[in-house]
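Here is a short briefing on one protein model. Look at the sequence and the structure first, then read the points below.

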Amino acid sequence: MSNTNGNKPSALDGTTAEDLLRVDNLVKHYPIRGGLLQRTVAQVKAVDGVTFSVKKGETLGLVGESGCGKTTVGRTILRLIPNTSGKVTFDNKDVFSLNGTEMKALRKDMQIIFQDPYSSLDPRMPIGESVGEGLLVHGMRDTRKRNDAVMEMLKRVGLEDYHAKRYPHEFSGGQRQRIGIARALALRPKFIVCDEPVSALDVSIQAQVLNLLKDLQKDFGLTYLFIAHNLAVVEHISDRVGVMYVGKLVELAPRDRIFADPLHPYTKALLSAIPMPDPTLKRDRMILQGDVPSPVNPPAGCRFHTRCPFAVEKCKHQEPQLKELKPGQFAACWVAEEQIQKGQA
């Protein structure tokens, strides 16, 4: 991989000393218990060895079908749920090794915007108190200073002072998501996990919220992990895109490259499903056959081979690793790797 800043890559995806977040071989398995003694009889392999980095000031989009492990990745990074194994380094700190006091201090720099803007807000609490709650928890006892900070955040997301005394049920979905953004921003974090923040909103409101997120990123120097299943949304906001399938990262590349020249067949299938804005134009659809494998018992070899129209015998038995097949473009696919090798010969 070409590296213009002179830093030596330190992981598969080209992580450098300038990266804000590094995720190395992250694993999260959920036990399935059964029998009279409720012993563990199986594991749901929600995330099964994911590696990537997020550079300061960039947005990494994470996409895939429902149940592929996107949200689990985001919540495990923030230690909202415990990891099974792996390592997460944020701002040169090993997140999983921090004690309670150290983790509380780090949470000022790592925040999340939840998917559902209603259930993530306390219905009994005015939204001004919800936005200011984090400030209170992290030591801002002065009521006037806290209220001033809350009002500033509300205005930055397009709300007014009088909204602070209202309750969540008095707002529209788009307004509630703006409240969620204000709450995440109140502590002036460096990094925000955006967990499908626009999937519950109307299309016109989605555009407003996405543009707001981009403006806030520029103003506050934010870094985003943007989790979504809508590829059009990801294309609009992301700098790089990672594609997940059944707990694995199968492709990682700059946004323009992944939309113009995807390498993994699963990425190609996802892109072929995007509607064309011009009704006179048609995409060559790549229709996948069969169902998504169960994360309890994923297939051997490449997990996509049971649905892949290009799979060869090797795909059924040997698991491909995420490799840099083109400069800056990583994919875990035996077929794509072989095609590129032949093209270079």
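Leaving aside neighbours within four places in sequence, Gly34 is in contact with Arg39 and Val41; contact means heavy atoms within 4.5 Å. This is a predicted model: local features need pLDDT of at least 70, side-chain atom pairs count only at pLDDT 80 or more, and totals for chains, interfaces and linings use all residues. Residues are numbered from 1 along each chain as its sequence is written, and side-chain values use heavy atoms, with hydrogens and water left out.

- Gly34 sits in strand β1 (residues 19-34). Strands (E, at least two residues) and helices (H or I, at least four) are DSSP runs, numbered from the N terminus.
- Gly34 counts as partly exposed because its relative accessibility is 22%. Buried means under 20% relative accessible area, exposed means over 50%, and partly exposed lies in between (1.4 Å probe, protein chains only).
- Gly34 and Met276 are 242 residues apart in sequence. Their C-alpha atoms are 48 Å apart in space.
- Thr72 belongs to helix α1 (residues 70-77). Its relative accessibility is 14%, so Thr72 counts as buried.
- Not counting residues up to four places away in sequence, Thr72 touches Lys28, Tyr30, Ala46, Val47 and Ile81.

**The whole protein**

- The protein has 11 helices and 12 strands.
- The protein has 345 residues, so a compact globule would have a radius of gyration near 20 Å; the value here is 21 Å, which agrees. The radius is taken over C-alpha atoms, and the globule rule is 2.2 Å times the number of residues to the power 0.38.
- The C-alpha atoms fill a box of roughly 70 × 60 × 50 Å along the principal axes.
- Of the 345 residues, 49% count as buried.
- Among contacts with a separation of 6 or more, 62% join residues 24 or more positions apart.
- The protein exposes about 17,000 Å², and carbon and sulfur atoms supply 50% of that area. Accessible areas come from the Shrake-Rupley method with a 1.4 Å probe; for residues, only the protein chains shown count as cover.

**Helix α3**

- Which residues of helix α3 (residues 127-137) are buried? They are Ile127, Gly128, Ser130, Val131, Gly132 and Leu135.
- An α-helix has 3.6 residues a turn, so residues three or four places apart point the same way.
- The buried residues of α3 pack against α4 (143-156) and α5 (173-185).
- Just after α3, Gly139 has a positive phi of about 105°.

- Most residues other than glycine have a negative phi.
- Asn92 is not a glycine, yet its phi is positive, at about 65°. Asn92 lies in the loop between β4 (85-90) and β5 (93-94). Its relative accessible area is 64%, so Asn92 is exposed.
- Val246 also is not a glycine, and its phi is positive, near 50°. Val246 lies in the loop between β9 (240-245) and β10 (248-254). Val246 counts as buried because its relative accessibility is 4%.

**Cysteines**

- The structure holds 0 disulfides; a disulfide is a pair of cysteine sulfur atoms within 2.5 Å.
- Cys308 is in no disulfide, and the nearest cysteine sulfur, that of Cys333, is 6.2 Å away. Cys308 counts as buried because its relative accessibility is 15%.
- Cys315 is in no disulfide either; the nearest cysteine sulfur belongs to Cys302, 5.9 Å away. At 5% relative accessibility, Cys315 counts as buried.
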